[in-house]
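Please look through the structure below before reading on. The briefing after it goes from one residue to the pairing of the chains and then to the fold of a single chain.

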There are 2 protein chains.
Amino acid sequence: MNEITSVSNPRVKQWVKYHDKKHRDRDGLFLVEGEHLIQEAITAGLLTALIISPDCPYQFDFDGECYLVSEEIMKKLRSTVSVNTCVGVCKVKDSNVTLGDKVILLDDVQDPGNAGTIIRTAYSFGFDAVVFSGRSVDIYNEKLIRSTQGALFHMSVLKAHLPDMIHKLKQMGTIVYGTSLHEAKGLSTFVNQQKTALVFGNEGNGVSEAILNLCDDRIFIEMNRFESLNVAVAAGICCYAFRKQDL
Amino acid sequence: MNEITSVSNPRVKQWVKYHDKKHRDRDGLFLVEGEHLIQEAITAGLLTALIISPDCPYQFDFDGECYLVSEEIMKKLRSTVSVNTCVGVCKVKDSNVTLGDKVILLDDVQDPGNAGTIIRTAYSFGFDAVVFSGRSVDIYNEKLIRSTQGALFHMSVLKAHLPDMIHKLKQMGTIVYGTSLHEAKGLSTFVNQQKTALVFGNEGNGVSEAILNLCDDRIFIEMNRFESLNVAVAAGICCYAFRKQDL
C-alpha cells in the first residue's frame with residue numbers, strides 16, 4: 001500500500017483530472033466510488049488502481065495498485081455529493097463489443113441520471129447492449145455511473161453513429177423500433193420478438209425524424225392523458241414489454 | 001404591479017422562508033417557478049402571488065397580487081439550479097380530496113425526483129390520486145414539484161396514514177396491491193381491475209412488511225436478472241399495466 005498525503009502529488013493531480021470528460025477520453029480511464037461499484041469493477045476486471053482514505057471500513061480482493069490517501073485528497077477525488085471513503089480508477093471497456101439480441105439505442109439522451117437508470121433497467125430485463133449516439137451524455141459521467149448501480153460493468157455500453165448501428169442491427173435480423181408520439185402503434189399491439197432494438201430520444205425532442213425514418217416501426221406508449229413520460233420511465237415500460245424471453 | 005428592490009423587504013423575507021418545509025407547513029404556501037408551472041397553478045386556482053424580475057418575457061393572465069422584483073431578489077426566490085425569471089406563491093390543495101378508482105400509495109419514498117416522476121407518470125396513465133406516507137418526502141419540495149411537470153396541480157396528492165388509507169380503499173371496493181420481491185406473483189399474471197391501488201416503497205427497503213400484510217395481493221415485476229429497479233421505473237411499469245380503461 002502506497003501512502004500519499006500531499007494534494008500536489010502528481011498521481012493525485014492526474015486522478016482529479018478524471019472528473020473531466022476530456023481527460024477521461026484521452027487516457028481511457030474513469031473514476032468510480034463506493035464499495036459496491038468498486039467491487040463490480042474488480043469483478044469486471046476493469047479496476048486499475050484502488051484509492052482509500054484512513055477511515056475506509058471495506059476490504060477489497062484486489063492485487064493491483066493500492067493507495068492510502070489523506071481525507072483532504074479523498075475529498076478531491078469523490079463527487080461533491082458523497083462521503084465515500086474509497087475511489088477506484090477504471091479503464092473503459094473495449095469498444096469492440098458484441099451487441100446481442102436485445103439492444104437499446106439512445107438518441108441524444110442528455111441527463112446522466114436518465115441514461116444511467118436506462119442502463120440499470122435494460123440490464124434487469126436481459127438486454128445485452130446500450131448504444132449512445134455521439135451527442136448523448138458521456139458514458140463515464142460520474143452521476144451516470146452511480147445511477148447504473150454497477151450494471152455498466154455487466155453489459156455492452158458504447159458510443160456509436162446511430163444510423164450505422166441501425167443498419168448493422170437490421171443486417172443482423174434485429175427489428176428496430178423507434179418510440180414516438182406521432183404516427184406510431186400502441187405498445188400493447190406488438191409481439192415481443194427475440195431480436196429487438198428500441199430507440200429512445202432526447203428529453204426535450206424525442207427521437208429525431210431522421211432516426212425514426214430508419215426504424216422498422218414506431219411505438220407509442222398508450223396514455224390516458226396526453227402527457228409526455230420521463231424517458232427513463234418510458235424505457236422501463238418498453239424494456240419490460242420486450243424483455244428477453246428465457247429459452 | 002408592486003415593485004420591490006430591497007432584499008430585506010418583509011414580503012421577500014417571508015417568501016424566502018418557503019424554501020423550508022417548516023414554513024410551508026405553517027402557512028400552507030409553497031413556491032413554484034418557471035412559466036409552465038405558474039400557468040398550471042393559475043389554471044388550478046392555487047396561485048396567490050406572482051413575482052417576476054424585469055427580464056421576465058412571459059405574460060400571465062392572473063388578477064391577484066403581482067410583484068416586480070430585482071434580479072437580486074429573484075435569485076433568492078428561485079432554486080439554485082435554475083435561471084427562472086418568475087416565481088409563484090401557491091396555496092396547498094385542500095386535503096379533503098376524493099381518491100377515485102386508481103390510487104398510488106408511497107410507503108416512505110424519499111427521493112423528490114422519484115416521487116415527482118411517479119406523480120407525473122400516474123397522471124399520464126389516468127390515476128386519480130397519489131398518497132404519501134407520513135415519512136415520505138415533502139409533497140411541496142421544490143425538486144419534487146419540478147419533476148411532476150405540473151401534474152401535481154391536476155390530481156389529488158396528499159399525505160396520510162397508509163394503514164388507515166388502505167383500510168378505507170378496501171371498504172370502497174378497491175383492490176390494493178403491494179409491490180415486493182418476495183412471495184409475490186408476476187405482474188403479467190394480473191388482470192387490470194377498474195378499482196386498483198398500487199403501493200411502492202422506500203428506495204432502499206421497498207414496501208414494509210407491515211404494509212404488505214394489509215394488501216390484498218403482492219406483485220413483482222418479472223426480471224431476467226435479479227436486480228432491483230428504480231422505484232419510479234417500477235411504478236411506471238405497474239401504472240402502465242393498471243392504467244385506467246377508458247369507458
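**A buried threonine and its surroundings**

B:Thr117 counts as buried, at 11% relative accessibility; buried means under 20% relative accessible area, exposed over 50% and partly exposed in between, with a 1.4 Å probe and protein chains only. The model is a predicted one, in which local features need pLDDT of at least 70 and side-chain atom pairs count only at pLDDT 80 or more, while totals for chains, interfaces and linings use all residues. Residues are numbered from 1 along each chain as its sequence is written, chains are lettered from A and ligands numbered from 1 in the order in which they are written, and side-chain values use heavy atoms, with hydrogens and water left out.

**B:Thr117**

- B:Thr117 sits in helix 5 of chain B, residues 112-124; helices (H or I, at least four residues) and strands (E, at least two) are DSSP runs numbered from the N terminus.
- A polar atom of the B:Thr117 side chain lies 2.7 Å from the backbone oxygen of B:Gly113.
- Beyond its neighbours within four places in sequence, B:Thr117 is in contact with A:Asn230, A:Val233, B:Ser147 and B:Ala232; contact means heavy atoms within 4.5 Å.

**Pairing of the chains**

- The contact takes 28 residues from chain A and 29 residues from chain B.
- Between them, chain A and chain B bury about 2500 Å², 51% of it on carbon and sulfur atoms; buried area is the accessible area (1.4 Å probe) that two parts lose on being put together, summed over both.
- In chain A, the residues that lose the most area to chain B are A:Asn224, A:Arg225 and A:Tyr240, together 26% of what that side buries.

**Fold of chain A**

- Chain A has 9 helices and 12 strands.
- The radius of gyration of chain A is 20 Å, close to the 18 Å that the globule rule gives for 247 residues, so chain A is as compact as a globular protein of that length; the radius is taken over C-alpha atoms, and the rule is 2.2 Å times the number of residues to the power 0.38.
- The C-alpha trace of chain A spans about 60 × 35 × 30 Å along its principal axes.
- Of the 247 residues of chain A, 55% count as buried.
- Among contacts in chain A between residues at least 6 apart in sequence, 75% join residues at least 24 apart.

**Helix 3 of chain A**

- In helix 3 (residues 35-43), A:Leu37, A:Ile38, A:Glu40, A:Ala41 and A:Ile42 are buried.
- Their cover includes strand 2 (29-33), strand 3 (47-52), strand 5 (86-91) and helix 6 (142-148) of chain A.
- Just after helix 3, A:Gly45 takes a positive phi of about 70 degrees.

**A:Thr85**

- A:Thr85 lies in the loop between helix 4 (71-77) and strand 5 of chain A.
- A:Thr85 is buried, with a relative accessible area of 11%.
- Leaving aside neighbours within four places in sequence, the contacts of A:Thr85 include A:Ile51, A:Asp55, A:Tyr58 and A:Met74.

Notes
A polar contact is a pair of N or O atoms within 3.5 Å; within protein, one must be able to donate a hydrogen and the other to accept it, and residues adjacent in sequence count only if both atoms are side-chain atoms.
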